[in-house]
Amino acid sequence: MKAPVTKILLGLCMAFVSISFAQTNTQNLKSIAQNANESDDHKILFAAVKATNLDDVLEESGPFTVFAPSDAAFQRFSQEKIEQLLNASDKTELKALLTYHIVAGQLTASKILRAMCQGNGKASFTTVQGKKLVAHLDGYDIVLTDPMGNTARITTADLNLKNGVVHEIDSVILPTQM
């Protein structure tokens, strides 16, 4: 009779240890804002997030999916335009640009692929900004297309953070003509 009780107690102990380990790991994850701040490849993105006061939202709220253009992507877009948006007294246009790169919810690459399978090769997602973003496959790459016809490839997928997931993209996508 003692053996089953011992096994049950041992099993419960193992369960509590793994639950507590999983909670510790979740607590140690960075937020989207912390990750952008500490990234060497996303200094322009973090400056824009900070300028529009979206850092508080990306720190505390979520989950979000962020399609994060690298600094190289912003420079290819237009270094002058980014500086103009960052230095403008009215940050409405910059905020619209940034929120077009954010989707509410946690869309991992596998969830995006599943949505594309259900949508005959395409999936449409509504951004926090309110406009649609369309995803499709090009070879093995997930490609995003904005309403202007611009495309961006996901170059690094599934950086899981405590309040969402980040996918690095190689271009800036636009909600409207800029």
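Me: What makes R153 partly exposed in this predicted model?
Reply: R153 has a relative accessible area of 28%. Buried means under 20% and exposed means over 50%, so a residue in between is called partly exposed. That's where R153 lands, so partly exposed it is.

Me: And why is the contact between D138 and R153 called a salt bridge?
Reply: The closest N and O atoms of D138 and R153 are 2.4 Å apart. The cut-off is within 4 Å, for a side-chain nitrogen of Lys or Arg and a carboxyl oxygen of Asp or Glu, so the pair qualifies.

Me: What does the D138 and R153 pair tie together?
Reply: D138 sits in strand β4 (residues 132-138) and R153 in strand β6 (residues 151-161), so the pair ties together parts that are 15 residues apart in sequence. D141 joins in too: D138, D141 and R153 are linked in a network of salt bridges.

Me: How do you know that K50 and D55 form a salt bridge?
Reply: Their side chains meet at 3.1 Å, N to O. That's within 4 Å, so it counts.

Me: Why does the E93 and K81 pair count as a salt bridge?
Reply: The distance is 3.7 Å, N to O, and the limit is 4 Å, so the pair passes. E93 lies in helix α6 (residues 92-99) and K81 in helix α5 (residues 71-87).

How values were computed. Residues are numbered from 1 along each chain as its sequence is written. This is a predicted model: local features need pLDDT of at least 70, side-chain atom pairs count only at pLDDT 80 or more; totals for chains, interfaces and linings use all residues. Side-chain values use heavy atoms; hydrogens and water are left out. Helices (H or I, at least four residues) and strands (E, at least two) are DSSP runs, numbered from the N terminus. Buried means under 20% relative accessible area, exposed over 50%, partly exposed in between (1.4 Å probe, protein chains only).
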